[in-house]
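These are my notebook entries on one protein chain, written as I looked things up. The sequence and the model come next, and my entries follow them.

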Amino acid sequence: MKLSRLLLTIAFVIIGVWLLGLIFRIAAWMINGLLYVAAIAVIIWLVSVFVEQRRNQPKR
């Protein structure tokens, strides 16, 4: 194997690993954001269930 071919292969490996790390970071950022969206949706659902239960209770 020629030295130039070896250096080119090493460069491609380094760039590939860097891009893969970038993709993983973006995916983790998106999952983290979606977890907050899911938490807000569950809180809204819990509040709506609470309000419906209070609305359906007979008045004392």
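I began with Leu34 and found that Leu34 is exposed, with a relative accessible area of 56%; buried means under 20% relative accessible area, exposed over 50% and partly exposed in between, with a 1.4 Å probe and protein chains only. I noted that the model is predicted, that local features need pLDDT of at least 70 and side-chain atom pairs pLDDT 80 or more, whereas totals for chains, interfaces and linings use all residues. Residues are numbered from 1 along each chain as its sequence is written, and side-chain values use heavy atoms, with hydrogens and water left out.

Leu34 is found in helix H1, where helices (H or I, at least four residues) and strands (E, at least two) are DSSP runs numbered from the N terminus. From Leu34 I went to Val49, which is 15 residues away in sequence and 22 Å away in space, C-alpha to C-alpha.

Next I looked up Val47, which also lies in helix H1 and counts as partly exposed at 48% relative accessibility. Between the C-alpha atoms of Val47 and Leu8 I read a separation of 59 Å, for residues 39 apart along the chain.

I then asked what the whole chain contains, and the answer is one helix and zero strands. The radius of gyration, taken over C-alpha atoms, is 26 Å, well over the 10 Å that the globule rule gives for 60 residues, so the chain is more spread out than a compact globule; that rule is 2.2 Å times the number of residues to the power 0.38. The C-alpha trace spans about 90 × 10 × 5 Å along its principal axes, and 0% of the 60 residues count as buried. I also wrote down an accessible surface of about 6,100 Å², of which 75% belongs to carbon and sulfur atoms; such areas come from the Shrake-Rupley method with a 1.4 Å probe, and for residues only the protein chains shown count as cover.

On the surface I found a nonpolar patch formed by Met1, Leu3, Leu6, Leu7, Ile10 and Ile14, with about 660 Å² of accessible area together. Patches are made of residues with over 30% relative accessible area and no salt bridge, like charges being joined within 9 Å and nonpolar side chains (Val, Leu, Ile, Met, Phe, Trp, Tyr) within 5 Å. Leu3, which is in helix H1, counts as exposed at 60% relative accessibility.

How many salt bridges does a search of the whole structure find? I found one, a salt bridge being a side-chain nitrogen of Lys or Arg within 4 Å of a carboxyl oxygen of Asp or Glu. Glu52 forms it with Arg55, and their closest N and O atoms are 3.1 Å apart. Both residues lie in helix H1 (residues 3–56), three residues apart, about one turn of the helix. Glu52 is partly exposed at 37%, while Arg55 is exposed at 57%.
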